Amino acid sequence: MCSARPRSARRAARGFSLLEAVAATAFLAVALMAFAANTIWLTRDEKSADSTSAAHALAQQKLEQLRSTPLGAPEVAAGIIRNDPANPLRADGTAGGNFTRKWQVSNNDQPTFGLRTVTVTVSWRDAALSRPHTTTLAAYIRCSTIPC
């Protein structure tokens, strides 16, 4: 006997073949693995950006502190590289973190008459990748006497 439905209609009523289901599952698995790898990469990037932001804030904080010190204070004496006494620092500036802060004041009348350049450097090691990083900020301060 013949069936009332054509052959193509009977096949469509049966659903997916095993091969189609395996292919769809494999495609979905690859896509989910790619999303998982991307999430890990983005999380690591976000942590690195947080550390960079904290280092910039620590450098800016020290620059502002040095710019507000009295003229002729020992902290802004020319030519000496100084390490922060609280090293290593946390992101909020307290002791016990993984940031190291140091600064140097240029020689007298550098870059121009009556000024000195203060350069603050903050270094840290990335915890996830164990790579060293450094950020440096600079500003001018006046000398206590003119010329310096």
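Which backbone oxygen lies 3.1 Å from a polar atom of the side chain of W103? It is the backbone oxygen of E75.

This is a predicted model, where local features need pLDDT of at least 70, side-chain atom pairs count only at pLDDT 80 or more, and totals for chains, interfaces and linings use all residues. Residues are numbered from 1 along each chain as its sequence is written, and side-chain values use heavy atoms, without hydrogens and water.

W103 lies in strand β2; strands are DSSP runs of E with at least two residues, helices runs of H or I with at least four, numbered from the N terminus. W103 counts as buried because its relative accessibility is 4%, and buried means under 20% relative accessible area with a 1.4 Å probe, protein chains only.

Contact means heavy atoms within 4.5 Å.

| Residue | In contact with |
|---|---|
| W103 | K62, L66, E75, I80, I81, R82, N83, D84, T119, V120 |
| V76 | L66, T69, P70, V105, R116, I141 |

The largest nonpolar core has 19 residues. Such a core joins buried Ala, Val, Leu, Ile, Met, Phe, Trp, Tyr and Cys residues through side-chain atoms within 4.5 Å. L63, L66, V76, F99, V118, V120 and V122 touch the most other members. α2 (18–67), β2, β3 and β4 (132–142) each supply at least two residues. α2 gives the most, with six.

F99 and W124 are both buried. They form a tilted aromatic pair, 5.8 Å centre to centre with 50° between the planes. Ring centres must lie within 6.5 Å; planes under 30 degrees apart are stacked, over 60 edge-to-face, the rest tilted. The pair links strand β2 (residues 99–105) to strand β3 (residues 115–125), 25 residues apart.

Conventions
Phe/Tyr/Trp six-rings, centres within 6.5 Å; stacked < 30°, edge-to-face > 60°. Buried < 20%, exposed > 50% of the residue type's maximum accessible area, 1.4 Å probe, protein only. Polar contact = N/O pair within 3.5 Å; in protein donor to acceptor, adjacent residues only side chain to side chain. Lists of a residue's contacts leave out its neighbours within four places in sequence.
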